[in-house]
Amino acid sequence: MESCPVCGENTKDKAGTIEYTFEEKKLKFCSLTCLRIFQQFPEIYMNEKEDDINILEDSRA
Ligand SMILES: [Zn+2]
């Protein structure tokens with residue numbers, strides 16, 4: 001599966017894709033714009049593939 005983690009666009013046969021390694025995972029971005037978005041909020045895009053998402057609950061109740 002080769003698609004841009006940010007916008008989901010297919011990067012397989014696309015010119016100008018950018019390869020980027022994040023935490024030993026090789027990612028392919030369709031454009032520098034998407035890479036910059038990812039770099040600002042990497043946890044948003046990486047969390048989608050992980051099950052252990054912690055939701056902070058309000059414990060004041
Ligand atoms: Zn993209």
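This is a predicted model: local features need pLDDT of at least 70, side-chain atom pairs count only at pLDDT 80 or more; totals for chains, interfaces and linings use all residues.
Visitor: How do you know how confident the predictor was?
Guide: We look at pLDDT, the predictor's confidence in each residue, from 0 to 100. The protein's mean is 85, and 84% of its residues reach 70 or more. Among the elements, α1 has the highest mean, 96, while helix α2 (residues 42–47) has the lowest, 85.

Visitor: What makes something count as a helix or a strand here?
Guide: Both are DSSP runs, numbered from the N terminus: helices are H or I with at least four residues, strands are E with at least two. This protein has two helices and two strands, and from the N terminus on they run β-β-α-α.

Visitor: Why are β1 and β2 called a pair?
Guide: Two strands pair if DSSP finds at least two bridges between them. Strand β1 (residues 18–22) and strand β2 (residues 25–29) are joined by five bridges, so they pass that test. They run antiparallel. Across the pair, E19 stands opposite K28 and Y20 stands opposite L27.

Visitor: Why is E23 called exposed?
Guide: The test counts other C-beta atoms within 10 Å of a residue's own, with C-beta atoms placed from the backbone: 20 or more means buried, 12 or fewer means exposed, and in between is partly exposed. E23 has 7, so E23 is exposed. E24 has 5, so E24 is exposed as well.

Visitor: And D13, buried or exposed?
Guide: D13 lies in the segment before β1. Its count is 7 within 10 Å, so D13 is exposed. D13 and E2 are eleven residues apart in sequence and 9.4 Å apart in space, C-alpha to C-alpha.

Visitor: What makes a group of residues a nonpolar core?
Guide: It's a set of buried Ala, Val, Leu, Ile, Met, Phe, Trp, Tyr and Cys residues joined through C-beta atoms within 7 Å. The largest one here has six residues in all: C4, L27, F29, C30, C34 and L35. The elements giving two or more residues to this core are β2 and α1 (32–40). In soluble globular proteins, nonpolar side chains tend to be buried together. Across the protein, buried residues make up 13% of the 61 residues.

Visitor: How do you know what C30 touches?
Guide: Two residues are in contact if their C-beta atoms, placed from the backbone, lie within 7 Å. Not counting residues up to four places away in sequence, C30 touches C4, C7, E9, T11, K14 and T17.

Notes. Residues are numbered from 1 along each chain as its sequence is written.
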